[in-house]
Amino acid sequence: LFLQMFGFTCAFRDLLLTDAAEKKRSDLIKGSRASAKQAVETWLNKHNRQEFADGFANMEMIAEAASELLPKDKVAQAYEGTVIPAMKTNWSDMINKCIP
C-alpha cells in the first residue's frame with residue numbers, strides 16, 4: 001500500500017499509449033517481423049537453401065527449413081549471429097520511440 005500511495009512503480013498498465021505512439025509501436029513490430037524473416041531467409045540461403053532467396057516463403061516454411069539445419073554442429077551459432085544483429089536496431093527503435 002505504501003508504494004501505491006507514495007512510491008513509484010511501473011507496470012505495463014501504468015503506461016499510457018497515445019494513438020500516435022500505438023501506431024509507431026505497431027509499425028515497429030511489423031518492421032521487426034519483416035527484418036527477422038529477411039535475416040532468416042539470408043541465413044537459409046547461406047546454408048544452401050536458395051529456394052528462400054526470393055522472399056515469398058511463409059513463416060511456417062521458413063521455420064521448418066531452419067529446424068532441419070539447427071541440429072548440425074555450430075549452425076545455431078551462425079543463425080543467432082545473423083538474426084540478433086539484424087534485430088538490435090528494431091529493438092532499440094522500439095524502446096526509443098515508444099518509451100518517452
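Biologist: How many helices and strands make up the secondary structure of the protein chain?
Modeller: There are 4 helices and 0 strands. Along the sequence the pattern reads α-α-α-α.

Biologist: Which elements have the lowest and the highest mean pLDDT?
Modeller: Helix 1 (residues 2-6) has the lowest, at 58, and helix 2 the highest, at 87. For the protein chain the mean pLDDT is 79, and 80% of its residues reach 70 or more. Where pLDDT is low, the predicted coordinates should not be read in detail.

Biologist: What makes the pair Asp27 and Lys23 a salt bridge?
Modeller: The side chains meet at 2.9 Å, N to O. The cut-off is 4 Å between a side-chain nitrogen of Lys or Arg and a carboxyl oxygen of Asp or Glu, so the pair of Asp27 and Lys23 at 2.9 Å qualifies. Both residues lie in helix 2 (residues 19-46), 4 residues apart, about one turn of the helix.

Biologist: Why does Asp27 count as partly exposed?
Modeller: Asp27 has a relative accessibility of 36%. Buried requires under 20% and exposed over 50%, so Asp27 at 36% falls in between and is partly exposed.

Biologist: How do you know that Lys37 and Glu41 meet in a salt bridge?
Modeller: Their side chains are 2.6 Å apart, N to O. That value for Lys37 and Glu41 is within the 4 Å limit, so the pair counts. Lys37 and Glu41 both lie in helix 2, 4 residues apart, about one turn of the helix.

Biologist: Is Lys37 called buried or exposed?
Modeller: Buried: Lys37 has 18% relative accessibility, and the limit is under 20%. Glu41 has a relative accessible area of 9%, which is also under 20%, so Glu41 is buried. Buried residues make up 21% of the 100 residues in the protein chain.

Biologist: Which residues are linked with Arg49 in a network of salt bridges?
Modeller: Glu51 and Glu68 are linked with Arg49. The side chains of Glu51 and Arg49 meet at 2.6 Å, N to O. The search of the whole structure finds 5 salt bridges.

Biologist: What makes the pair Asn90 and Ser35 a polar contact?
Modeller: Their side chains are joined at 3.3 Å. The limit for a pair of N or O atoms is 3.5 Å, so the pair of Asn90 and Ser35 passes on distance. Asn90 lies in helix 4.

Biologist: Why is Asn90 called buried?
Modeller: Asn90 has a relative accessible area of 11%, which is under 20%, so the term applies. Leaving aside neighbours within four places in sequence, Asn90 is in contact with Leu28, Gly31, Ser32 and Ser35.

Biologist: Where is Trp91 found?
Modeller: Trp91 is in helix 4 (residues 75-98). Its relative accessibility of 44% lies between 20% and 50%, so Trp91 is partly exposed. Trp91 and Ser32 are 59 residues apart in sequence and 7.9 Å apart in space, C-alpha to C-alpha.

Biologist: Among contacts between residues at least 6 apart in sequence, what percentage join residues at least 24 apart?
Modeller: In the protein chain that figure is 53%.

Note on methods. Residues are numbered from 1 along each chain as its sequence is written. Side-chain values use heavy atoms; hydrogens and water are left out. Helices (H or I, at least four residues) and strands (E, at least two) are DSSP runs, numbered from the N terminus. Buried means under 20% relative accessible area, exposed over 50%, partly exposed in between (1.4 Å probe, protein chains only). Contact means heavy atoms within 4.5 Å. pLDDT is the predictor's confidence in each residue, from 0 to 100. A polar contact is a pair of N or O atoms within 3.5 Å; within protein, one must be able to donate a hydrogen and the other to accept it, and residues adjacent in sequence count only if both atoms are side-chain atoms.
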